[in-house]
Amino acid sequence: MRDTEFGDRAYRYRYSFRKKMIFIPFLVVGAAALFSYVVMLLWNALIPDIFHLGVITFWQAAGLLVLSKILFGFGKGGGRGGAPWMRHKMEHFKNMSPEEQQRFREQMRERCGKWGDRRGRHFWDEPVTTGPKPAEETPKPTE
């Protein structure tokens with residue numbers, strides 16, 4: 001195989017790949033539409049009978065999907081999942097001084113009482129690790 005043949009083939013591959021890239025936005029829109037349609041079907045099949053709520057349209061299902069992504073985040077793809085507002089609160093809590101953390105814990109206990117997960121744990125009850133603890137110095141022998 002000559003070098004020119006390989007170069008021609010690589011050029012044709014890159015050119016055909018670029019032509020295929022045009023279809024990616026259409027695939028994304030199609031997948032979102034299909035997912036919204038499935039949500040609409042599931043909602044209309046389950047929710048009206050269970051909770052006695054009305055049926056929804058396709059656009060209302062798409063709006064519900066967008067709203068749920070805004071409120072609950074986009075999952076744990078890169079290690080930082082969950083709701084954006086909860087991540088903000090956790091970061092704010094980690095940056096508090098120990099006195100502020102204790103005051104925050106007391107306020108949350110007064111406001112929320114026994115609310116939390118089933119085991120009674122709250123994120124504000126967990127100790128905050130700000131980094132590696134410094135190694136304790138060993139006493140040097142004196143002579």
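Contact here means heavy atoms within 4.5 Å, and buried means under 20% relative accessible area, with exposed over 50% and partly exposed in between (1.4 Å probe, protein chains only). Helices are DSSP runs (H or I, at least four residues), as strands are (E, at least two), and they are numbered from the N terminus. This is a predicted model, in which local features need pLDDT of at least 70 and side-chain atom pairs count only at pLDDT 80 or more, while totals for chains, interfaces and linings use all residues. Residues are numbered from 1 along each chain as its sequence is written, and side-chain values use heavy atoms, with hydrogens and water left out.

Let's look at α3 itself. Helix α3 covers residues 58–72, and its 15 residues should span 21 Å at 1.5 Å a residue, which agrees with the 21 Å between its end C-alpha atoms. The expected span is 1.5 Å times one less than the number of residues. Buried in α3 are Ala61, Ala62 and Leu65. Seen down the axis of α3, these buried residues fall within an arc of 105 degrees, so they line one face of the helix; the arc is that of the directions from the helix axis to the C-beta atoms. An α-helix has 3.6 residues a turn, so residues three or four places apart point the same way. On the other side of α3, Trp59 and Ile70 are exposed. Just after α3 comes glycine 73, with a positive phi of about 85 degrees.

Now cross over to the partner helix. Serine 36 sits in α2, which runs over residues 24–51, and serine 36 counts as buried because its relative accessibility is 5%. Leaving aside neighbours within four places in sequence, serine 36 is in contact with Phe58, Ala61, Ala62 and Leu65. Valine 39 touches Ala61 and Leu65, again not counting residues up to four places away in sequence. The largest nonpolar core has 5 residues, namely Val39, Met40, Ile56, Ala61 and Leu65. Such a core is a set of buried Ala, Val, Leu, Ile, Met, Phe, Trp, Tyr and Cys residues joined through side-chain atoms within 4.5 Å. Both α2 and α3 give two or more residues to this core.

Histidine 52 has a positive phi of about 55 degrees although it is not a glycine, whereas most residues other than glycine have a negative phi. At 68% relative accessibility, histidine 52 counts as exposed. Alanine 45, in helix α2, and valine 55 are 10 residues apart in sequence and 8.6 Å apart in space, C-alpha to C-alpha. Alanine 45 is partly exposed, with a relative accessible area of 46%.

The aromatic rings come next. Rings of Phe, Tyr and Trp (its six-membered ring) pair if their centres lie within 6.5 Å; planes under 30 degrees apart count as stacked, over 60 as edge-to-face and the rest as tilted. By this rule the count comes to 2 aromatic pairs. Phenylalanine 58 and tryptophan 59 have ring centres 5.1 Å apart and planes at 80 degrees, so this pair is edge-to-face. Phenylalanine 58 is partly exposed at 26% relative accessible area, and tryptophan 59 is exposed at 67%. Phenylalanine 93 and phenylalanine 104 form a tilted pair, 5.4 Å centre to centre with 50 degrees between the planes. Phenylalanine 93 lies in helix α4 (residues 84–94) and phenylalanine 104 in helix α5 (residues 98–112), so the pair ties together parts that are 11 residues apart in sequence. Both phenylalanine 93 and phenylalanine 104 are buried.

The buried residues of α5 are Gln101, Phe104, Arg105 and Met108. They cover an arc of only 105 degrees around the axis, which puts them on the same side of α5. The face turned away from that buried side carries the exposed residues Glu99 and Glu110.

Finally, step back to the whole chain. The protein chain has 5 helices and 0 strands. Buried residues make up 15% of its 143 residues. Among contacts with a separation of 6 or more, 23% are between residues 24 or more positions apart.
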